[in-house]
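Colleague: I am new to this structure and would like to go through its parts by question and answer. May we begin once it is in view?

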Amino acid sequence: MNMNLREWALPVYTILMQLSVGVLFLLWLMRTRNRREVEIQILDRIINTPLSIIGFTVFVSIIGSHFHLSRPLHSFLAVLNFRHSWLSREIAFTVLFIITLYILLYLQGSRPANERLRSLLGWVSISFGMATIYCMSNIYLLPAQAAWDTAATVIAFFATTFFLGAVATTAMLLMDLKYCEVWKPEQVAERQPVVRRALFRLVTIAIITLVVIYINSYIQIAHLRGGDLSAQMSMQLLTQLYQPLFILRLLSPLVGITLLGVSTLQLRSPGKQLGELLAPAYISCILVAVGEILGRFLFYATHVRTGI
């Protein structure tokens, strides 16, 4: 199955949106966990650049999603069927996520700003983001699509959200720290302990979610193996025609996370600096991105429709 530009727009949108929601959640979790030990101004300085990056990422994902539509200018009409359509709910929650995210970005850049309001708004935006991912996954729970119509699809979307979020947040924090070493050296000392603690937690989350992704993939394969004719056809596509891509989809993130995990553990050695983790983090991001893009391609390419 070949995918043209319009068909690729949808995977790009879903992956970028999942990444953005995952990064926002993990940044806000880090901010909340550290606020008793670290001044909130320091925490805000640490997360400001990653927040700006996901603001841009969300913008790109929304622009890209419109290439999937035959009439992009009419996309707003989809929300009118909110009560009965998962697609309408996804669009509505996406709009709410974007609005609250950009208000949050504005407040982060405003001084002075109400800290409690920002904290609350962050969690509200995350809630809308998670609702978006849930609606996004439910769109594919169709009885006519044996490869999709299972709870494993919902689990896969959320696991990818946290997986991409953990890896991307790691790279963003290290990139921003490197920037500070060059342009704002007076802030390096206050940032390093927070970033160091966060890295170990983020890598742990990435490892756990990757294990969940593998277990979920096994469950999906078992579902196809024991399913009806369309499921069997999807299984053949996955294990025969697309077998090389499926193997690469599984191996690419494994290599990336192994590299990132080993490099992070080496930080415990004397003399190791956080900056030394920047290159492994970037390579890991690339490998993880390759794996998730292949995974999303296989998700669409191996489904076989039954009935009308």
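**Serine 234 and its surroundings**

Modeller: In this predicted model, the backbone oxygen of T302 lies 2.6 Å from a polar atom of the side chain of S234.

Colleague: In which helix does S234 lie?

Modeller: The helix in question covers residues 229–241, and S234 lies within that range. The helix is α7.

Colleague: Is S234 buried or exposed?

Modeller: The relative accessibility of S234 is 1%. A residue under 20% counts as buried. S234 is therefore classed as buried.

Colleague: Which residues is S234 in contact with, leaving aside its neighbours within four places in sequence?

Modeller: T302, whose backbone oxygen lies 2.6 Å from a polar side-chain atom of S234, is one of these residues.

Colleague: Let us turn to the cysteines. How many disulfides does the structure hold?

Modeller: C180 is in no disulfide, and the nearest cysteine sulfur, that of C285, is 18 Å away. A disulfide requires two cysteine sulfur atoms within 2.5 Å. C285 is likewise in no disulfide, its nearest cysteine sulfur being that of C180. The number of disulfides in the structure is zero.

Colleague: How do C180 and C285 count by relative accessibility, buried or exposed or partly exposed?

Modeller: C180 has a relative accessibility of 1%, and so it counts as buried. For C285 the value is 22%, so C285 counts as partly exposed.

Colleague: Which residues lie nearest the centre of the second largest pocket?

Modeller: This pocket has a volume of about 410 Å³. Its lining draws at least two residues from each of α1 (5–34), α2 (40–65), α5 (151–183) and α9 (278–301). Of the 20 lining residues, those nearest the centre are L16, L19, A168, C285 and A289.

Colleague: How many residues of that lining of the second largest pocket are nonpolar?

Modeller: The lining of the second largest pocket has one polar and one charged residue. The nonpolar residues in it number 18.

Colleague: What is the volume of the largest cavity?

Modeller: A search of the whole structure finds one cavity of 30 Å³ or more. The lining of the largest cavity comprises 21 residues, and S217, Q220, R249, G295 and F299 lie nearest its centre. The volume of this cavity is about 420 Å³.

Colleague: Which helix gives the most to the lining of the largest cavity?

Modeller: At least two lining residues come from each of α5, α6 (188–225), α8 (243–265) and α9. By class, the lining has eleven nonpolar, seven polar and three charged residues. The helix that gives the most, with seven residues, is α6.

Colleague: How far apart in space are H223 and A92, C-alpha to C-alpha?

Modeller: In sequence, H223 and A92 are 131 residues apart. In space, their C-alpha to C-alpha distance is 32 Å.

Colleague: Which residues does T209 touch, not counting those up to four places away in sequence?

Modeller: Not counting residues up to four places away in sequence, T209 touches A159, F162 and F163.

How values were computed
Residues numbered from 1 in each chain as written. Predicted model: local features only at pLDDT ≥ 70, side-chain atom pairs only at ≥ 80, totals over all residues. Heavy atoms only, no water. Helix = DSSP H or I, 4+ residues; strand = E, 2+ residues; numbered from the N terminus. Buried < 20%, exposed > 50% of the residue type's maximum accessible area, 1.4 Å probe, protein only. Polar contact = N/O pair within 3.5 Å; in protein donor to acceptor, adjacent residues only side chain to side chain. Contact = heavy atoms within 4.5 Å. 1 Å grid on protein atoms, 1.4 Å probe; cavity = no way out; pocket = protein on both sides within 12 Å on 5 of 7 lines; lining within 4 Å. Points joined across faces, edges and corners; volume = space filled by probe spheres on them. Nonpolar A, V, L, I, M, F, W, Y, C, P; charged D, E, K, R; others polar.
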